[in-house]
Amino acid sequence: KAEEEETRKNLVIAKPFALEDDKDSEHAASNGIRRILSLFKNVRLGSDLTNFQLPPQLNQPRSQLQCYGEMIYSFCGQDLMGECSRRDLAIERLKSVVMWNISTLRPIVFGMSPYNPVLGETHHVSHGHINVLTEQVSHHPPVSALHATHENENIDVTWCQYFTPKFRGAYVDVEVKGKRTMKLLNRKETYEMDQPRLVVRFLPAPGAHWTGKIKIKCPETDLEAELHLISDSFIERFKGNNNRSIKGKISQTSSGDKLYDIFGHWDRQTGEVEVIYNAKESISGLKPPTVKNLKEVTETESAMVWSEVSEKILNKDWERAREAKKAVEDRQRESLKQREASGESWLPKHFSVVRNGKDWDCTPLQPTVPRAPLVITEAQEEIMN
């Protein structure tokens with residue numbers, strides 16, 4: 001019991017990667033390119049990198065589950081999720097959903113990757129009226145489920161995330177698959193969203209960026225939005241398109257009539273005639289969750305599972321970080337062996353999962369996400385109002 005309590009004291013929660021951290025990422029990119037390329041010297045073009053193991057020096061001190069959760073619970077200032085339901089006109093609600101969707105795009109640390117979550121790992125955080133719960137529902141292939149609810153505005157968000165990173169020589173192409181749905185229950189509206197691709201480029205200049213098309217569609221209002229995230233390739237720069245720029249439109253689905261043009265940058269400002277999103281106001285100065293109730297933090301919590309690894313990485317104790325990471329992976333392999341020996345099948349705790357070929361669908365088992373033992377405490381008064 002005393003040993004368990006000591007473990008709980010060592011809960012390590014890393015700070016979210018925010019807009020102002022980008023310069024540090026650029027510095028790391030220029031310094032780490034040789035080391036990163038050396039890892040791929042024996043990897044064939046087109047190879048699936050899903051199970052590729054990174055040394056701790058190239059790991060961020062956080063799990064991929066935490067990264068997914070941060071896309072929803074890490075924000076400062078305005079409660080963008082709540083705004084989606086508060087607007088009276090359908091077109092204004094869609095604009096708000098577009099704005100919220102853009103706010104989930106975060107800068108990527110080039111050459112650094114979060115931990116691959118272990119099976120059954122969870123991450124549970126509350127921020128104001130928003131409660132977020134993520135769970136790793138499959139390990140091979142890695143599939144993550146997310147459920148978020150807004151207590152005041154009766155909003156329900158579910159994501160099912162899985163990706164296939166492939167080595168292309170000068171870059172790694174990460175196709176993010178799965179379904180994202182936002183339900184405005186008070187409005188009886190459902191918004192379905194695509195997910196962008198991630199490209200990690202080594203040559204000619206190192207960098208990581210979101211690219212591709214995002215479609216947001218609401219059958220009940222007959223409205224949809226289409227966003228194009230412009231890649232940071234040489235060709236796009238030659239055309240005059242800047243890094244992290246967005247172009248798109250809002251249309252009526254049935255007629256195809258265009259109602260609005262969308263343009264700007266997801267890390268700066270989207271819209272000039274009418275500004276619908278300002279990144280500096282939303283994803284600057286982000287703070288990590290704090291522990292509100294230590295006794296309620298479960299053993300499957302990401303920060304608990306990876307606490308020792310994160311602690312050693314933050315201290316740059318690479319040998320002990322490697323040992324701690326191996327210990328987490330060994331425990332997972334041992335659990336799998338025990339299940340296979342007993343004929344026991346593993347089931348997620350918080351989601352019902354359906355697999356159809358290569359496609360996955362995840363449905364929350366509970367209608368709402370409960371308050372979490374980990375909370376964001378900054379600017380509570382502003383968020384709650």
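**Figure 1. A salt bridge between Asp88 and Arg187 in the predicted model.** In this predicted model, Asp88 and Arg187 form a salt bridge, and their closest N and O atoms are 3.7 Å apart. Asp88 lies in the loop between helix 4 and helix 5, while Arg187 lies in the loop between strand 8 (180-184) and strand 9 (189-193), so the pair ties together parts that are 99 residues apart in sequence. Are the two partners buried or exposed? Asp88 has a relative accessible area of 66%, and because values over 50% count as exposed, Asp88 is exposed. Arg187, with a relative accessible area of 30%, is partly exposed.

**Figure 2. The salt bridge of Arg87 and Glu92.** Arg87 forms a salt bridge with Glu92, and the distance between the closest N and O atoms of this pair is 3.4 Å. Arg87 is partly exposed, with a relative accessible area of 27%, whereas Glu92 has a relative accessible area of 19% and is therefore buried, given that the cut-off for a buried residue is under 20%.

Figure 3. The side chains of Asp330 and Lys326 meet in a salt bridge, with 2.9 Å from N to O. Both residues belong to helix 10 (residues 318-342), where they are four residues apart, a spacing of about one turn of the helix. Asp330 counts as partly exposed at 29% relative accessibility, and Lys326 is likewise partly exposed, with a relative accessible area of 42%. Elsewhere, salt bridges that share partners join Asp79, Glu83, Arg86, Arg87, Glu92, Lys95 and Glu153 into one network. How many salt bridges does the count come to? The count comes to 20 salt bridges.

**Figure 4. The largest cavity and the residues that line it.** The structure holds three cavities of 30 Å³ or more, and the largest cavity has a volume of about 70 Å³. Which residues line the largest cavity? The lining is made up of Met71, Ile72, Phe75, Gln78, Asp79, Leu80, Met81, Trp100, Ser103, Arg106, Ile130 and Ser282. Sorted by class, this lining has seven nonpolar, three polar and two charged residues. Helix 3 (64-73), helix 4 (80-86) and helix 5 (90-103) each supply at least two residues of the lining.

Figure 5. Nine of the nine residues of strand 4 (residues 130-138) are buried, so strand 4 is largely enclosed by the rest of the structure. Strand 3 (residues 122-127) pairs with strand 4 in the antiparallel sense over six bridges, and within this pairing His124 has Leu133 of strand 4 as its bridge partner. The hairpin of strand 3 and strand 4 has two residues between the strands, and in this hairpin Gly128 takes a positive phi near 60°. Strand 4 also pairs with strand 5 (residues 143-150), again in the antiparallel sense, over eight bridges, and a hairpin of four residues joins strand 4 to strand 5.

**Figure 6. Helix 9 and the elements packed against it.** In helix 9 (residues 307-314), the residues Ser307, Val309, Ser310, Lys312 and Ile313 are buried. What do the buried residues of helix 9 pack against? They pack against strand 1 (59-63), strand 2 (113-115), helix 8 (302-305) and helix 10. Helix 9 is followed by Lys316, whose phi is positive, near 55°.

Figure 7. Gln64 lies in helix 3 and is buried, with a relative accessible area of 16%. Although Gln64 and Pro114 are 50 residues apart in sequence, their C-alpha atoms are 5.2 Å apart in space. When neighbours within four places in sequence are left aside, Gln64 is in contact with Pro114, Tyr115 and Pro117.

Technical notes: Residues numbered from 1 in each chain as written. Predicted model: local features only at pLDDT ≥ 70, side-chain atom pairs only at ≥ 80, totals over all residues. Heavy atoms only, no water. 1 Å grid on protein atoms, 1.4 Å probe; cavity = no way out; pocket = protein on both sides within 12 Å on 5 of 7 lines; lining within 4 Å. Points joined across faces, edges and corners; volume = space filled by probe spheres on them. Nonpolar A, V, L, I, M, F, W, Y, C, P; charged D, E, K, R; others polar. Salt bridge = Lys/Arg side-chain N within 4 Å of Asp/Glu carboxyl O. Buried < 20%, exposed > 50% of the residue type's maximum accessible area, 1.4 Å probe, protein only. Contact = heavy atoms within 4.5 Å. Pairing = 2+ DSSP bridges.
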